Amino acid sequence: MKNLAYIILGTFLGVVLYKSEAASWFRIYEMFQFDSFHMYGIMGSALAVGVVLVFWIKKSKVKSFSGETINIQDKEKSFTRYIIGGTLFGLGWALAGACPGPIYILVGAGYWPIVIVLIGAVLGAFVYGVLRDKLPH
Amino acid sequence: MTFDENLSKMLYQPWPWYVSGPLIALIMALLILMGKRFGMSSNLETFCSIGGAGKFSDYFKIDVKSKRWNLLVVLGSVIGGFIGAHLLSPNPAVEISDKTVAKLQELGFESAGTSYLPLELFSMASLSDPKVWAILLVAGFLVGLGTRYAGGCTSGHAISGLSNLQRPSLIAVIGFFIGGLIMVHLLFPLIFAS
């Protein structure tokens, strides 16, 4: 039952990101050219609603659906890893025109060359895991 | 036209940002209420673990079962991509701004404004060019390396992290834009100019 809920949530996410065109290479390029409000509108409105929902979840101390206490952990404090990792990610995001969610979504949409991007992404994650102790964080 | 007809017509058109953004936030909140977190890039690590990467680094020695829920979200998003593309989008063209179309045509992207993804990179025909393979592989590699280095991607940092007012996520998102702007403005002319 819970498994089905995750699949349905994922399906919903896939439809939303595809239909909003956030999974389109063209929209990502347009965003980095500042030629349209569209992507900023998606992220801005997601954040506006997201901030309120997260605030409510924390403030109300609402329990999870299965009755557990919800504890949203803070991100580990650092500067180096976020700025270097973030910049590397941004370079890839703009070139591939897709971040991880849309990569999976575009596989489903049938754009087969995206599988090469996915293989590259898994390789990249692997290389990070191997080099992790040698990289500045 | 009745309300119903209007609604179903809207379903087949591109969804506006003010519908899509709040729905993404809703998905994030539902995952939190299910005791999980919205983050798509950690699945890349799970794939490594499944593939036996634990032999190379302890970092990948994780309990894959505990990540199963997120793999189901991935499975769902693949299904969602199929539904979005094949059942809900009679017209795949993305109406990007005229200015963007002009810039892309200058870079050799003739498909700008007529398709969902540039056919110069994402059609089967494009794969006859080894340069396209290299571009897609390097792009993916940077996505995978960068997102794990930064500990999250657009979902984990830009949506989840910023919604929780996390300063690290703000730094990561600034990094996303530094990288994206460098790629599009400085490197695209070198990579794509013919």
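# Two chains, packed helix on helix

Tutor: In this predicted model, helix H6 of chain A, residues 114-131, packs on H3(B) with the axes 9 Å apart and at an angle of about 80°.

Student: What makes H6(A) and H3(B) roughly perpendicular?

Tutor: Set the angle against the cut-off. Angles of 65 to 115 degrees count as roughly perpendicular. The angle here is about 80°. H6(A) and H3(B) are therefore roughly perpendicular to each other.

Student: Which residues of H6(A) and H3(B) meet?

Tutor: From H6(A) come Ala121(A), Val122(A), Ala125(A), Phe126(A) and Gly129(A). From H3(B) come Leu44(B), Glu45(B), Phe47(B) and Cys48(B). They divide into 7 nonpolar, 1 polar and 1 charged.

Student: How many residues do chains A and B bring into contact?

Tutor: 106 residues of chain B are in contact with 101 residues of chain A. H7(B) gives the most to chain B's side, with 17 residues. That side divides into 74 nonpolar, 28 polar and 4 charged.

Student: What makes up chain A?

Tutor: Chain A has 6 helices and 0 strands. Along the sequence the pattern reads α-α-α-α-α-α. The C-alpha trace spans about 40 × 40 × 35 Å along its principal axes. Of the 137 residues of chain A, 53% count as buried.

Student: Why is H1(A) called largely enclosed?

Tutor: Count its buried residues. A residue needs 20 or more other C-beta atoms within 10 Å of its own to be buried. In H1(A), 13 of the 18 residues are buried, so the helix is largely enclosed by the rest of the structure.

Student: How do you know that the length of H1(A) is close to the one expected?

Tutor: The expected span is 1.5 Å times one less than the number of residues. For the 18 residues of H1(A), residues 2-19, that comes to 26 Å. From first C-alpha to last, H1(A) reaches 26 Å. After H1(A) comes Glu21(A), with a positive phi near 70°.

Student: What makes H8(B) mostly covered?

Tutor: 10 of its 10 residues are buried. Among them are Thr154(B), His157(B), Ile159(B) and Leu162(B).

Student: Which helices do the buried residues of H8(B) pack against?

Tutor: Both chains take part. Chain A supplies helix H3 (38-60) and helix H5 (100-109). Chain B supplies H2, H7 and H9. H8(B) is followed by Leu165(B), whose phi is positive, near 55°.

Student: Why is Ile27(B) called buried?

Tutor: The cut-off is 20 or more other C-beta atoms within 10 Å. Ile27(B) has 22 C-beta neighbours inside 10 Å, so it counts as buried. Ile27(B) lies in helix H2 of chain B.

Student: What does Ile27(B) contact, leaving aside its neighbours within four places in sequence?

Tutor: Ile27(B) is in contact with Leu9(A), Phe12(A), Leu13(A) and Phe38(B).

Student: Which residues touch the most other members of the largest nonpolar core?

Tutor: They are Ala98(A), Val117(A), Ile27(B), Met28(B) and Leu142(B), in a core of 96 residues.

Definitions and conventions:
Residues are numbered from 1 along each chain as its sequence is written. Chains are lettered from A and ligands numbered from 1 in the order in which they are written. This is a predicted model: local features need pLDDT of at least 70, side-chain atom pairs count only at pLDDT 80 or more; totals for chains, interfaces and linings use all residues. Helices (H or I, at least four residues) and strands (E, at least two) are DSSP runs, numbered from the N terminus. A residue is buried if 20 or more other C-beta atoms lie within 10 Å of its own, exposed if 12 or fewer, and partly exposed in between; C-beta atoms are placed from the backbone. Two residues are in contact if their C-beta atoms, placed from the backbone, lie within 7 Å. Ala, Val, Leu, Ile, Met, Phe, Trp, Tyr, Cys and Pro count as nonpolar, Asp, Glu, Lys and Arg as charged, and the others, Gly among them, as polar. Axes are lines fitted to C-alpha atoms, for helices over the stretch in contact, and angles run from 0 to 180 degrees between N-to-C directions. Angles under 35 degrees count as roughly parallel, over 145 as roughly antiparallel, 65 to 115 as roughly perpendicular and the rest as oblique. A nonpolar core is a set of buried Ala, Val, Leu, Ile, Met, Phe, Trp, Tyr and Cys residues joined through C-beta atoms within 7 Å.
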